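Here is a short briefing to read alongside the model. Please keep the viewer open as you go through the points.

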Amino acid sequence: MPAALMVNELLTAAQARAARAWLNWSKQELADRTGISEKTITRFELGHSVPYASTLAKMRLTFEEAGICFQFEGAAAKGIRIR
């Protein structure tokens, strides 16, 4: 993972939901793997709040370590692909 992620390289709620679904992880499992509260994950996935950039970077890294590769282009995230 780069030393610092640009805002347009951080996860969107749709990407987080898709990655979690692909990996068949519950919100609790993602919370356990990232150290992010289940409440924060739920609020983010529902579009009710945007976590700190460091929280999104931690979530992205956890997904990438599990084999998810995110595609980004400019400010619009294109989705995910599997390695």
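In which segment does Leu 10 lie? Leu 10 is found in the segment before α1, where helices (H or I, at least four residues) and strands (E, at least two) are DSSP runs numbered from the N terminus. This is a predicted model, in which local features need pLDDT of at least 70 and side-chain atom pairs count only at pLDDT 80 or more, while totals for chains, interfaces and linings use all residues. Residues are numbered from 1 along each chain as its sequence is written, and side-chain values use heavy atoms, with hydrogens and water left out.

**Leu 10**
- Leu 10 has a relative accessible area of 11%, so it counts as buried (under 20%; exposed is over 50%, partly exposed in between; 1.4 Å probe, protein chains only).
- Its C-alpha atom is separated by 7.3 Å from that of Arg 60, 50 residues apart along the chain.

**Aromatic rings**
- Two aromatic pairs turn up in a search of the whole structure, pairing meaning ring centres of Phe, Tyr and Trp (its six-membered ring) within 6.5 Å.
- Trp 25 and Phe 63 are stacked because their planes are at 20°, with centres 5.8 Å apart; stacked means under 30 degrees, edge-to-face over 60 and tilted the rest.
- Trp 25 sits in the loop between α1 and α2 and Phe 63 in helix α4, 38 residues apart.
- Trp 25, Phe 63 and Phe 70 form one aromatic cluster.
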